[in-house]
Every structure is written in structure tokens, then in C-alpha cells.
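Here is a short briefing on a predicted model. Keep the sequence and the 3D view side by side as you read.

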Amino acid sequence: MPAGLMERVAPASVPSTVDVGAMRADRIAKVRANMADQGLDALVLLGNTNVVYATGATWPLGDPGRANFEQPVAVVLADDEWPHLFTPVPDSIDGCGLPADHVHPAVYLDLDEGARSFNRRLAELLPPGGSVGVDEWTFAMARECAWLRSSGRIRDGGKVISKSKVIKTPDEIAGIREALRITEQAIAVVEKSLASGVRQIDLTATFLRAVFEAGADANTLDPIWQVMPPTMEDGPWTTHGDLACPLLTTERELQRGDVLWVDTSITHRGFHSDFGRTWIVGDEPTARQEAQFDRWQEIMTAVLAVTRSGAAYADLTAAARSVTHGHTPWMSHFYLGHGLGIDAAEMPFVGSDLGQAFDDSHRLEAGMVLVLEPLVWDDGAAGYRAEEVVLITDDGWEPMTDYHYDPFGRTR
Amino acid sequence: MTGTMVADVAPDAPALRAERRERALAAMERDGIDVLILGREANARYVAGVPRLWTAGSRPFTPGCVLVASTGDIHLLTTWDEGVPSDIPHDHLYGITFNPMNMVEVLRGVSGAATAARVGTDSLTPMFAQLLPMAFPAAEFVDGESAMRRARRCKTDAEVEEIRASVVLVERCLAAAVSELAVGVAERNVTAAFMQEMARSGVTTPSSQDVAWITSRERPWQRGDGATPVSEGDLVVLSGGVIRGGYSGEVARTVAVGGGSADFLARSAELRAALLAACVPGAASSGLLDVYERFGAPPPPVPVARGLGLGFDLPIIAADLPETAANDRLDPGTVFALTGYLWEHGVGAAMTVDPVVMTDRGPELLTEERA
């Protein structure tokens, strides 16, 4: 089956390159329609990925602390087909085609003077008494920006973006595929370097080198190469009694036979990737480990069999549990599946602690990109975990990648 | 040289944790804050001293760490106890959740939640503005970020040493980037060399990820797509930063590939020296902006000085914030990245970033290379 599950790898509907202009126009139309639904005249967006989505501007994402002062801000107006961008990185707009009069110098919304100056500039853009949604705010904004409470209460602008971005356009799917391709190109280099005596940080060093050379704009997750203990009891204490994962990478030297759970994510031109596999250091899997992989494939196959537009999230969780006699085969602090694209994890969330009623009442839609990440835990012999990225279609799903499962399943 | 992790994930040193927590509690007391809820990773790290998973980009506010004034208790968002010091007991750890109502339940469990009168947060989202009153029914919600900024602005000696160690690593990574830099090599391969050296040295988290760029001869501030090969005579900026033990170190240098642009680079060195000379203890921070005016050079679109520490830190001195610069003082104990930037049509740009700690005697460079 390896080389099997994901062999249909090129959805015919997906263009090979991203048409940035068309993508921006598609997005802003959706955002404005959702603003109209919620009666919003303007959106003010601070969150990095919200700004990326609304404007098409991209820049290499920095440390979250640094992101608070190097923070592009977007303003979307209900009656304007172009968003405004306030940016400390003027070259972030290259290629996104914003008109010059919609690009403004940086605002520092963490400082009172910055919030005051933004308030003045916004007053020139906003209709008097207009209703403004915002995704988040600083206390400097709370002091200086009266529009924050323009309709008596603060309106949620972040929801407009989460709703708009959940269904991907063909251009966006092409962008996500490119981010996945770059990641997997680097992962293949790391996989070759895997050997006893190599440290976890060496895997990160190899990955970072390869992924930047392959064209990544930024690494977005401190890469995970977690050595799984044979039994859960040998791992750290957890709040829920389930597995501790993902644990941070250290200078730990890998040993022959170590079971590694791998998880990485990068961005390329504003699109996130996600990659997850299980590797064994310097060895072939035992029969017991192959059996874990077989079971994981059974779960994945069962889930994919019900994965299509219109399926309730609960159809997928039930399919997974049907293989494991009702036991939950994914990390209980995460989910069976999550959306991917503008963020590393975004809506939809399938099988999370939002609960059964949530999973019963929410349905997949064509154009969603879903990362499925079931696992098999076999206490005494660790376990198998991998992630698959699929595009939801009207009659099922299409694979977004075709990365192999080595060293599992090679003997058959 | 090693990073901070070695083979185990350890909390920050006990003395560092104790000193920082004390400062945070003192700032809370001054502002009359009963409970402080921190969403920003750097604030949470400052108070709890626990390394958590790094991701890039800004994050929306979520209650990641709670500090209670009356008891000094810390509640921390983490599903496991790896890297958690013994002064944060297991029953004060709460796991990852996607369900905001589960978060409300956690917050209801914080001692004194029902009666807290003033609850500070470091920023807010519309969702948590609605939810927090369910956990703190008697509370007024106030600015907790100001308290954290006051606590963090002037560094303790131990913090300066942490930043210095981060800076030393950056210099080592920049040296690796310089070794990679040659005619025909793409910008992104130079960035890749920086990142590889950083991780090999035990630190897997950069503070910025656009390390190398060929400066434009046509536009005052422009970075390419990273794929452009370096040509003879290009002025290439190498600007790197790491987050090591939570603390950021940042340094930038400009290299003329194959030599050349000697006069321009000499002028850049003069600007750098003038900026350092303007770092007078207690002086108005606007003196840094005046240096650009004296040089007849427009200040860069990025801040001329910004705090180094855990994440977002003061001061922020930028041309777009003239009042802030006029009112801010270069107090001893502040640590900041000082940016020199010059551009000339037909030549390109030269950027220098120098990490500086202000002392009573003047500025001290935190780099090993003092020249």
C-alpha cells in the first residue's frame, strides 16, 4: 500500500502556479461578502496571517515576540475592492499589486502614539459612525481608538477571516501544494541523514538548511523529532493521562532503533505546510511495528472512505474509532484532523475538544484542505503516527502529496 | 558552544525566574492588579520560566499563563510537565484546548477568581473579552501589558548575560553566513547557512528569518525573493537574530561582495559610531533620530532602536514615533538593537545592527567583535 494511499497526486483542477491577482480578488470578494453578512463597514486586522490573507502581502514571519513590533496591519473597507496595508516592511507588498495609495508606513499599535496616529489615519478612511470589526487589540488601541467600540461593543473581525479562508480557491490549493513540496524536498534530505549518533538538533540543522535552500520563506514550527518512549508511563506526566507530544528538540543523541515522531511546518508565499511521519533510527521496523503501521493504514483508509463534501466531522471520527473498537486513535489534546493553508492549523477541527455535538453538527465542504493525523499507540512498543493532507471534493478527496512511509511497508 | 537545552528540557535558572517573577509581582502591586493573564509568549516565559513550543508569527491572545498577586501562584498552559519547575505544581498546569468554554472552566479554578477586582491582560480578542467575565465575574479588565513592560524594560545583570550569550551565537551564525557568501550563491543559501549553524549550536529558534539580502541600487528598502544569485560588487546585508533561552540577540553587518563601495561603507561606519556616541545614559532617545538628521540621511522604515530581551521590549525609537522618542530616556539597564541604515542611488544600502546595553558609563556593545 505505501505509494498506494496517496498515489493519485495531481488533482486536475489545480493550476501549477498561483495567479496572485486572481487569488487576491477571490479573497477580498469573500471577505467583503462576509463583512456584509455581519453588518461591518470595516475590518482592522493585526494578526500576521489575517493580514497575509486579506492583502496578499507576505514577509518572512518572525518570532512571535518580534511580531508585536514588526506588525503589518490591514484595513478592509466594505466599499473598496483594495485593502489598505500599514507596513514596516515596504517590500512585503512586492507582487501583491496593491495600489500605492493603499500602502502606508508602519503603525506601532503597542504604543499610545502609534495607536493615536493610526486612529487619525483610519478616520480619513472610515465612514463616520461606521461599524468596525477587529481581530485583536492592544491596550494602547483601547485608550486611543474610539472606533473600537463604535457599535457599543467590540465586533469580531477575526471571524470574518476564519470563515472566508476555510474554502480554498484553486490558486490557494496550488500555493499550499508548493509549500508542501518544498517541505518534503527538505525532509527527504533529513531522512537520508538519519543515523545513530546524530543529535536531534542536527536533524533541525539539516532541515533548516535544506528547506531555506529549497525556497521556504520561513520555518514556522520548531521542528519535532520526538523520540517516543516504549510505554506512555516512561514519558512526562500529562494533564490528561494521554501521550505527551510534541516535545521540544534537544541535543539528545539518537540511538539505533529509536522511534521518532516527526512534525514540521514552513511557509512559502503566505502558505503553510504540514508534515508528519514516523521514522526508525538506523533500523528496519520489527513485525510488531509493521503491524502498527498496518493498523494506522486501516484507520486512514476507513476515514478516507467517508471523507467527502457533506460528511459530518463525526462521520470521520466514527470511522476512525470503528477500527479501534471505540478507542480514540488520535491525540486527545489535538484532533483527528485540522484545516491547513493560511495557518498551520485552522478550521475545520475534526475530533477536537469542541466535542461530539460540534462534530455532529459541522460538515466538510469541497475546497477544504484537511490534514488527517490518526495514530496507533501500542504500549510497550511505542506507536505509529503520520499525517496526510487531502483536498475535500464533491465526491471524495484528492491527495495533496505523495510522500512515502519508509521504512514502513517496504517489505511488501 | 551549546544552547540551553542540552539533552533535557529545563526551566530557566532559579535565580533568573525568581528575580523576574518578583519584578512582575511588584509591577502588578503598583497597578493594583489582582490577577494577570498573559497571552504573549515572552511575558509567560518571563513569569513562569518554562520553554514551550516555538512557532513563528503573531498569535491571537489566549490565556497562556496566569499570575495571582496575593499568593504568587502561577497557572500555566502546558499539557505536560517537561521543563516545568517544581514551584508550579501539577494542579496548576492546564492543557491545550480548542474549546473556549474549557478555558473558562480552567480560569474559574484560579484561586480568588470569583472575587478578583482587577484583572490585567497583555492584549485581547473579541472572544476573550466576552469570555473572561464568566471566569472573573467581579472584575474590571485592565491593561496588564504596561505592568509587564515596566518590569521588563531595565534588565537585571543575569538577563544581560543571557542576551550577551544570544548575541555571541548570532555572531557565530553570521560568520557561517559570510563563509557561504560568494558570487553566484543565492541569498537564500546564505540564510540557510545561518540557520544551519544556529541549530547545530543548540538553538533551533530564529528571531527573524530574512537573514541575507542583496540591497537594491534603485529603491531605498527592498529585499528580493531570496533566489537571486549574488553578483560582484553587490552590497549584501546579513541581519540575523536568535531566540536562545527565550532571549533575543540580533546583529547585522553589510558586506561588499568582491570589495568596492569603500567610501560608502566608511560613511556607514561613521553613522554607526555617531549612533553609539549618541547613546548617553539618561539622554532623550530622540538624540538617535537627530543623528540621522545630522548625516542628512532619512531614517530607515524600521525602528532605529528597539529593545532586546524576551520578545517585544522597550525602547522602540522610530521616525514615525517622534513624541515617544522625545519622552523616552536611554536609562541604564535598557538593552536595545541600534540600527544604522544608509542608502545611495546606484550604490545600494548598508545596514548595521548593534546590540547595546546602556550602563551608567555609556553604551556597551554586547558583541564580541567590538570594532
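Chain A has eleven helices and 19 strands. Its radius of gyration is 23 Å, close to the 22 Å that the globule rule gives for 412 residues, so chain A is as compact as a globular protein of that length. Chain B comes to ten helices and 14 strands. The model is predicted, and every value below is computed from it.

**Overall form of chain A**

- Taken along the principal axes, the C-alpha atoms of chain A fill a box of roughly 70 × 45 × 45 Å.
- Of its 412 residues, 64% count as buried.
- Take the contacts in chain A with a separation of 6 or more: residues 24 or more positions apart account for 70% of them.
- Chain A exposes about 13,900 Å², and carbon and sulfur atoms supply 51% of that area.
- Chain A carries 34 positive and 60 negative side chains. The centres of these two sets lie 2 Å apart.

**Overall form of chain B**

- Chain B has a radius of gyration of 22 Å. A compact globule with 371 residues would have a value near 21 Å, so the two agree.
- The C-alpha trace of chain B spans about 70 × 45 × 35 Å along its principal axes.
- Buried residues make up 61% of the 371 in chain B.
- Among contacts in chain B between residues at least 6 apart in sequence, 67% join residues at least 24 apart.
- Chain B has 32 positive and 47 negative charges, and their mean positions are 1 Å apart.

**Salt bridges**

- The count over all chains comes to 51 salt bridges.
- One of them joins the side chains of A:Glu172 and A:Arg27, at 2.6 Å from N to O. A:Glu172 lies in helix H7 (residues 170–193) of chain A and A:Arg27 in helix H1 (residues 20–37) of chain A, so the pair ties together parts that are 145 residues apart in sequence. Both A:Glu172 and A:Arg27 are buried.
- Another salt bridge is formed by the side chains of B:Arg149 and A:Asp110, at 2.6 Å from N to O. B:Arg149 sits in helix H5 (residues 145–153) of chain B, and A:Asp110 sits in the loop between strand E4 (103–104) and helix H4 (112–125) of chain A, so this pair joins two chains.
- Are B:Arg149 and A:Asp110 buried or exposed? B:Arg149 has a relative accessible area of 11%, so it is buried. A:Asp110 has 5% relative accessibility, so it counts as buried too.
- B:Asp87 and B:Arg21 also meet through their side chains in a salt bridge, at 3.2 Å from N to O. This pair links distant parts of the chain, 66 residues apart. B:Asp87 is in the loop between strand E3 (74–77) and strand E4 (93–94) of chain B, while B:Arg21 is in helix H1 (residues 14–31) of chain B.
- B:Asp87 is partly exposed, with a relative accessible area of 39%. B:Arg21 counts as buried, at 11% relative accessibility.
- A network of salt bridges links A:Arg66, A:Glu70, B:Glu250 and B:Arg306.

**A mostly covered helix in chain B**

- Which helix is mostly covered? Helix H9 (residues 286–295) of chain B is, with seven of its ten residues buried.
- The buried residues of H9(B) include B:Leu288, B:Leu289, B:Tyr292 and B:Phe295.
- The buried residues of H9(B) pack against several elements of chain B, among them helix H8 (262–277), helix H10 (322–327) and strand E12 (335–344).
- B:Gly296 follows H9(B), and its phi is positive, near 65 degrees.

**Backbone details in chain A**

- The peptide bond between A:Cys245 and A:Pro246 is cis, with omega about 5 degrees. A:Pro246 is in the loop between strand E8 (224–227) and strand E9 (259–264) of chain A.
- A cis peptide bond also runs from A:Met347 to A:Pro348, with omega near 5 degrees. A:Pro348 is found in strand E14 (residues 346–350) of chain A.
- A:Arg269 is not a glycine, yet it has a positive phi of about 50 degrees. A:Arg269 counts as partly exposed, at 34% relative accessibility.
- A:His325 is not a glycine either, and its phi is positive at about 55 degrees. A:His325 counts as exposed, at 74% relative accessibility.

Terms used. Residues numbered from 1 in each chain as written. Chains lettered and ligands numbered in written order. Predicted model: local features only at pLDDT ≥ 70, side-chain atom pairs only at ≥ 80, totals over all residues. Heavy atoms only, no water. Helix = DSSP H or I, 4+ residues; strand = E, 2+ residues; numbered from the N terminus. Rg over C-alpha atoms; globule rule 2.2 N^0.38 Å. Buried < 20%, exposed > 50% of the residue type's maximum accessible area, 1.4 Å probe, protein only. Contact = heavy atoms within 4.5 Å. Lys, Arg positive; Asp, Glu negative; His and termini not counted. Charge placed at Lys NZ, Arg CZ, Asp CG, Glu CD. Salt bridge = Lys/Arg side-chain N within 4 Å of Asp/Glu carboxyl O. Areas by Shrake-Rupley, 256 points an atom, 1.4 Å probe, with all protein chains shown as cover.
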